[in-house]
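Work through the exercises below with the sequence and the model open. Try each task before you read its solution.

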Amino acid sequence: MTSPDDDTATGDGQQPATAYDWVGGDSAVRALVDRFYDLMDLEPAYAELRATHPPDLASARDKLYWFLSGWLGGPNHYIERFGHPRLRMRHMPFSIGILERDQWLACMAQAMKELALDPVLQERLSKAFFQTADWMRNKGV
């Protein structure tokens, strides 16, 4: 699983300590996750992705926020609560193909853009998200 922290140099030469810091810390990670799920809930372009989630997204919001916090180099909220993420195993009950992967990536890209994350960071995160999301696929299409 690729982390965006492998090289955190920004486009202006500044060196944030972690991708978590580059995103903007706790409140920015929470805002990103909330916008992601708001978009998933509202945009018809993400209907198949939304269908893989329960009607109430509160638990999914919390789990993604906890996971991303640690994955970006911040507090390990997810690991403290549940242990190793075991992402692929935890997602096996859900049918995840190319369509769901691509909708997840598009939804996250839209959330990052709307929250005006640094374009260099958006690109780096998009690459890392693709690798992780593609690894989560458990059906061919």
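**Exercise 1: the largest pocket**

Seven residues, the largest share of the lining of the largest pocket, come from α4. This is a predicted model: local features need pLDDT of at least 70, side-chain atom pairs count only at pLDDT 80 or more, and totals for chains, interfaces and linings use all residues. Residues are numbered from 1 along each chain as its sequence is written, and side-chain values use heavy atoms, without hydrogens or water.

Task: describe the largest pocket by its volume and its lining.

Solution. 
1. Start with the volume: about 830 Å³.
2. Find the centre. Of the 28 lining residues, Tyr-37, His-53, His-91, Trp-104 and Met-136 are the closest to it. (A lining residue has an atom within 4 Å of a pocket point.)
3. Assign the helices. α4 (58–71), α5 (77–82), α6 (87–91), α7 and α8 each supply at least two lining residues. (Helices are DSSP runs, H or I, of at least four residues, numbered from the N terminus.)
4. Sort by class. The lining has 18 nonpolar, five polar and five charged residues. (Asp, Glu, Lys and Arg count as charged; Ala, Val, Leu, Ile, Met, Phe, Trp, Tyr, Cys and Pro as nonpolar; the others, Gly among them, as polar.)

**Exercise 2: α7 and α8**

Task: state how α7 (residues 98–114) and α8 (residues 119–136) cross, and what makes the contact.

Solution. 
1. Take the axes. They come within 10 Å and cross at roughly 160°.
2. Name the arrangement. That angle makes α7 roughly antiparallel to α8. (Roughly antiparallel means over 145 degrees.)
3. List the contact. From α7 it includes Trp-104, Leu-105 and Met-108; from α8, Leu-125, Phe-129 and Phe-130 are among the residues. (Contact means heavy atoms within 4.5 Å.)
4. Count classes in the contact of α7 with α8: nine nonpolar, two polar and three charged.

**Exercise 3: α2 and α4**

Task: which arrangement do α2 and α4 have?

Solution. 
1. The axes of α2 (residues 26–42) and α4 come within 9 Å and cross at roughly 140°.
2. That makes α2 oblique to α4.
3. The crossing of α2 and α4 is right-handed.
4. Tyr-37 is one of the α2 residues in the contact, and Tyr-65 is one of those from α4.
5. By class, the contact of α2 with α4 has eight nonpolar, one polar and six charged residues.

Note on methods: Axes are lines fitted to C-alpha atoms, for helices over the stretch in contact, and angles run from 0 to 180 degrees between N-to-C directions. Angles under 35 degrees count as roughly parallel, over 145 as roughly antiparallel, 65 to 115 as roughly perpendicular and the rest as oblique. On a 1 Å grid over the protein atoms alone, a cavity is a set of points where a 1.4 Å probe fits but cannot get out, and a pocket is an open set with protein on both sides within 12 Å along at least five of seven lines; lining residues have an atom within 4 Å of a point. Grid points are joined across faces, edges and corners, and a volume is the space filled by probe spheres set on the points. A crossing is left-handed if the near helix is turned anticlockwise from the far one by less than a right angle, and right-handed if clockwise.
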